[in-house]
Amino acid sequence: WKDLLMEPPSITHRQRDDTYITRYLFAGDSPNGGFHRLLLHGLCQFHGLKASSSTMEVAVDGTNTQPIQARVLVATGTISEASKKVRMVDFVMLRKEQNERESGVDPLVQNWGEVTSGASLQKLKV
């Protein structure tokens, strides 16, 4: 987490409605912080969580220096037993197989044809 976030994610459990609230704090001047926040928004959407981003000022290590700007992403939602068993890679592979079945093309034959074609062999030469 130290390479991506300013501090470890904070997780709060609201028992009255069994909701988890997770806060991620990204450095405002990070060159890839925007990409990681976007990726996290996508993961939240996939898992049915609500995600929101905002900007805030934070004090650095409790010092009296000028606060710095940070981007905070808050993910909110519940965790069901079913969602604990779902992995995004499983969903992507299932979707790929479904698309191949609907197109009527055998993936092994299609991929082998691509590998053995002259154009593909030319690309493989170093």
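In what order do the four strands of the open sheet stand?

## Sheet

The order is S1-S2-S4-S3, with antiparallel pairing, where strands are DSSP runs of E with at least two residues, helices are runs of H or I with at least four residues, both are numbered from the N terminus, and two strands pair if DSSP finds at least two bridges between them. Strand S1 (10–14) and strand S3 (50–58) are at the edges with a single partner strand each, so one side of each has no neighbour in the sheet.

S1 and S2 are joined in the antiparallel sense over five bridges, and Ser10 lies opposite Arg23 in S2.

## Model and chain

This is a predicted model, in which local features need pLDDT of at least 70 and side-chain atom pairs count only at pLDDT 80 or more, while totals for chains, interfaces and linings use all residues. Residues are numbered from 1 along each chain as its sequence is written, and side-chain values use heavy atoms, with hydrogens and water left out.

The chain holds five helices and four strands, and its elements follow the sequence β-β-α-β-β-α-α-α-α from the N terminus on. Of its 126 residues, 13% count as buried, that is, under 20% relative accessible area, with exposed meaning over 50% and partly exposed in between (1.4 Å probe, protein chains only).

## Contacts

Among contacts (heavy atoms within 4.5 Å) between residues at least 6 apart in sequence, 48% join residues at least 24 apart.

## Tyr20

Tyr20 belongs to strand S2 (residues 19–27), and because its relative accessibility is 30%, Tyr20 counts as partly exposed.
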